[in-house]
Amino acid sequence: MVAVAHGSRDPRAAATVAALLDAVRARRPDVPAHAAFLDHAPPTPAQVLDGLARNGRSSGARRSVGGGRGLEDGAVVVLPLLLTAAYHSKTDIPGVLNRVRALHPRLRLRTAATLGPHPLLMDALERRLRDAGVEPGDPDTAVVLVSAGSSDASANATIARLARDWRARGWRDAVPAYASAAGPKPGEAVAALREAGAPRVAVASYFLAPGYFADKVRAEALAAGADAVSPVLGAAPEVAELIVHRYDEALESARRAAAG
């Protein structure tokens, strides 16, 4: 498994990814798991994949689910540690993989789905809200679901849909917000809920790791009157379980394709 994160200049981000992959390895010690970053931090996906191809370590992917039946020799599952499908998963990662395939045509590359959307991420969000002292589904609490935001309208629409679905869990209200590239911004969403009479407003941080956006959202939301802002998802057990699930999905999809 090569788990590809966005990457950040903030060293907390890489440390969080390392802790998350430690949790994955604890669940699946038979699967060699490597971290890579699209930007701001080493190693890049191309560097990791090149090293695996040259050193032959990718054969470890054979020891996987299904009674030891894994992918064909030389196979690697590239797993985006991304919470929505947007530019990075649709353009950046495929571009990297095309270049790697040209250099290493015998290396079998399979791409897993992005982490989100998935119910396990909503469970992880609720775990982090509890960490911040917020009981999920409290009818007196309105929640703002904040993501990084994207130039990809479909990615932003996914966050809006998740907020609508989350409202049915019992919250007074649930609305989306975006740290960049789209609106409303977190502070605007918090202020609107306050003006609508919400007794309590909590912000759910839909970020995998700490960094600039997560810090910006916390500061802006609290300044606008939020009662609580949850920590990032980080190495929550639900996220580790989801990574294993996406990995197994990729394996099963490859087996079905091979079976015709």
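**Notebook: a predicted model, entry by entry**

I looked up His40 and found it partly exposed, at 37% relative accessibility; with a 1.4 Å probe and protein chains only, under 20% relative accessible area is buried, over 50% is exposed, and partly exposed lies in between. The model is predicted, so I note that local features need pLDDT of at least 70 and side-chain atom pairs count only at pLDDT 80 or more, while totals for chains, interfaces and linings use all residues. Residues are numbered from 1 along each chain as its sequence is written, and side-chain values use heavy atoms, with hydrogens and water left out.

**Backbone entries**

I placed His40 in the loop between strand 2 (34-37) and helix 2 (45-55). Helices (H or I, at least four residues) and strands (E, at least two) are DSSP runs, numbered from the N terminus. His40 is not a glycine, yet its phi is positive, near 70 degrees. Most residues other than glycine have a negative phi, and most peptide bonds are trans.

I then found Pro43 in the loop between strand 2 and helix 2. The peptide bond from Pro42 to Pro43 is cis, with omega near -5 degrees. A cis bond also joins Gly116 and Pro117, with omega about 0 degrees. Pro117 is in the loop between strand 4 and helix 4.

Ala181 has a positive phi of about 70 degrees and is not a glycine. I located Ala181 in the loop between strand 6 (173-178) and helix 6 (186-195). Ala181 is exposed, with a relative accessible area of 57%. From Ala181 I went to Ala155, 26 residues apart in sequence and 11 Å apart in space, C-alpha to C-alpha.

Ala155 is in helix 5 and counts as buried, at 2% relative accessibility. Leaving out residues up to four places away in sequence, I find Ala155 touching Thr84, Ala85, Ala86 and Ser150; contact means heavy atoms within 4.5 Å.

Thr141 is in strand 5 (residues 141-147) and is buried, at 0% relative accessibility. I recorded a polar contact of 2.8 Å between the side chains of Thr141 and Asp138. A polar contact is a pair of N or O atoms within 3.5 Å; within protein, one must be able to donate a hydrogen and the other to accept it, and residues adjacent in sequence count only if both atoms are side-chain atoms. Apart from neighbours within four places in sequence, Thr141 is in contact with Val134, Trp171, Arg172, Asp173, Arg200 and Ala202.

I checked the span of helix 4 (residues 119-131): its 13 residues reach 19 Å from first C-alpha to last, close to the 18 Å expected. The expected span is 1.5 Å times one less than the number of residues. The buried residues of helix 4 are Leu121, Met122, Ala124, Leu125, Glu126, Arg128 and Leu129. An α-helix has 3.6 residues a turn, so residues three or four places apart point the same way. The buried residues of helix 4 pack against strand 5, helix 5, strand 7 (200-205) and helix 8 (237-259). Just after helix 4, Gly133 has a positive phi of about 85 degrees.

The side chain of Arg128 reaches the backbone oxygen of Val232 at 3.1 Å. Not counting residues up to four places away in sequence, Arg128 touches Ser230, Pro231, Val232, Leu233, Gly234, Ala235 and Ala236.

Helix 8 has 23 residues and reaches 33 Å between its first and last C-alpha, close to the expected 33 Å. Its buried residues include Glu238, Tyr247 and Arg255. I find helix 1, strand 3 (75-80), strand 4 (108-111) and helix 4 among what covers the buried residues of helix 8. Gly260 follows helix 8 and has a positive phi, near 80 degrees.

**Largest pocket**

The largest pocket holds about 880 Å³ of space. Of its 37 lining residues, His6, His88, Ala148, Phe207 and Phe213 are the closest to the centre. On a 1 Å grid over the protein atoms alone, a pocket is an open set of points where a 1.4 Å probe fits, with protein on both sides within 12 Å along at least five of seven lines; lining residues have an atom within 4 Å of a point. Grid points are joined across faces, edges and corners, and the volume is the space filled by probe spheres set on them. Helix 1 (11-27), helix 3 (87-103), helix 5 (153-167) and helix 7 (212-223) each supply at least two lining residues.
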